Amino acid sequence: FLRECEMPRFTVGYWKIRGIAAPIRMLLWYMGQADFEDVLYETGDAPDFDRSSWLSVKPTFGLDFPNLPYLIDSTKGVKLTQSVAILRYLARESGIAGLADGSPELAVFADMVCDQIVDVHNVLIPLYYGRSKSLEPQIDALKLPGLLEPLEMWLQAHSADGFLLKTLSYIDFYLAEHLDQLRALFPDSLAAYPHLAAYTDRFFALPEIQAFVKSRYYLARPINNKSALINN
């Protein structure tokens, strides 16, 4: 009975969307933390898109840098923001061999891949949330090939049948989720990158990830918040 009343070790807070918290939710599930608390904040409808559900409680969690997503580890008293920092922390806490960046060389490579994915994300965000009435010219101007091509070439040369660091690591949760969101919004976006497409399929075919997709924690839609021009 006491065990049933215990609070979950981990709490994740984010908007009620898939967004950049999806890899965090997925990694927690993979770690066996299938009972984590998933706090979802919802914006209001147009035209104001009120964010008071989050802003009204933002100062109350004792976060050093209050933001979404956040992670609270009640066992260790750790409170984090910034999605990549959260993923790294969870990978190290998981105790699963290979999930965290082991050698200094692999850690540096993982950092580099993270920055490459952040570049992709930062290019897409102005498109998703911009106010232009003409989206197609913006899509053409994104020049995603310059960001995706190096990842495609790396997989082709070094890990055509596996994951970025040979064995599964936290960086795969970050990359595969971003790629899956990209092709969900732009179905042909990975057509010219067969290794990236196969890599994403391979990740989502993992039994643990398939189970996560069927769980209450998985949000297929919406990917972006209500104010986004491109969402579903």
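Reader: Which residues does Ser83 touch, not counting residues up to four places away in sequence?

Author: First, a word on conventions. Residues are numbered from 1 along each chain as its sequence is written. This is a predicted model, in which local features need pLDDT of at least 70 and side-chain atom pairs count only at pLDDT 80 or more, while totals for chains, interfaces and linings use all residues; side-chain values use heavy atoms, and hydrogens and water are left out. Contact means heavy atoms within 4.5 Å. On that basis Ser83 touches Ile20, Ile24, Pro69 and Tyr174. Ser83 is found in helix α4; helices (H or I, at least four residues) and strands (E, at least two) are DSSP runs, numbered from the N terminus.

Reader: Is Ser83 buried or exposed?

Author: Buried means under 20% relative accessible area, exposed over 50%, and partly exposed in between, with a 1.4 Å probe and protein chains only. Ser83 has a relative accessible area of 10%, so Ser83 is buried.

Reader: Where is His178, and which residues is His178 in contact with, leaving aside its neighbours within four places in sequence?

Author: His178 lies in helix α8, and the residues in contact with His178 are Ile20, Ile117 and His121. His178 counts as buried because its relative accessibility is 14%.

Reader: How should I read the largest nonpolar core, and which of its members touch the most others?

Author: A nonpolar core is a set of buried Ala, Val, Leu, Ile, Met, Phe, Trp, Tyr and Cys residues joined through side-chain atoms within 4.5 Å. Here the largest such core has 59 residues, and those touching the most other members are Leu28, Leu90, Leu148, Ile171, Phe173 and Phe203. At least two residues of this core come from each of β1 (10–15), α2 (22–30), α4 (83–94), α5 (104–129), α7 (145–158), α8 (170–185), α9 (194–204) and α10 (207–213). A second, separate core of 10 residues includes Trp15, Trp54, Tyr70 and Ile72. Returning to Leu148, and not counting residues up to four places away in sequence, its contacts are Val120, Leu179, Leu182, Ser189, Leu190, Tyr193 and Leu196.

Reader: How many residues of α2 are buried?

Author: Eight of the nine residues of α2 are buried, so that this helix is mostly covered. They are Ala22, Pro23, Ile24, Arg25, Met26, Leu27, Leu28 and Tyr30. Just after α2, Gly32 takes a positive phi of about 95 degrees.

Reader: How many aromatic pairs does a search of the whole structure find?

Author: Rings of Phe, Tyr and Trp (its six-membered ring) pair if their centres lie within 6.5 Å; planes under 30 degrees apart count as stacked, over 60 as edge-to-face and the rest as tilted. The search finds 15 aromatic pairs. One of them joins Tyr128 and Phe186, a stacked pair at 6.4 Å centre to centre with 20 degrees between the planes. This pair links distant parts of the chain, with Tyr128 in helix α5 and Phe186 in the loop between α8 and α9, 58 residues apart. Tyr128 is buried, at a relative accessible area of 6%, and Phe186 also counts as buried, at 14%. Separately, Trp29, Phe36, Phe212, Tyr217 and Tyr218 form one aromatic cluster.

Reader: What is the volume of the largest pocket, and what is the volume of the largest cavity?

Author: On a 1 Å grid over the protein atoms alone, a cavity is a set of points where a 1.4 Å probe fits but cannot get out, and a pocket is an open set with protein on both sides within 12 Å along at least five of seven lines; lining residues have an atom within 4 Å of a point. Grid points are joined across faces, edges and corners, and a volume is the space filled by probe spheres set on the points. The largest pocket holds about 510 Å³. It has 31 lining residues, of which Tyr14, Ile20, His121, Ile125 and Tyr129 are the closest to its centre. Helix α5 gives the largest share of this lining, seven residues. The largest cavity has a volume of about 40 Å³, and its lining consists of Arg18, Ala22, Arg25, Glu177, Phe212, Tyr217, Tyr218 and Leu219.
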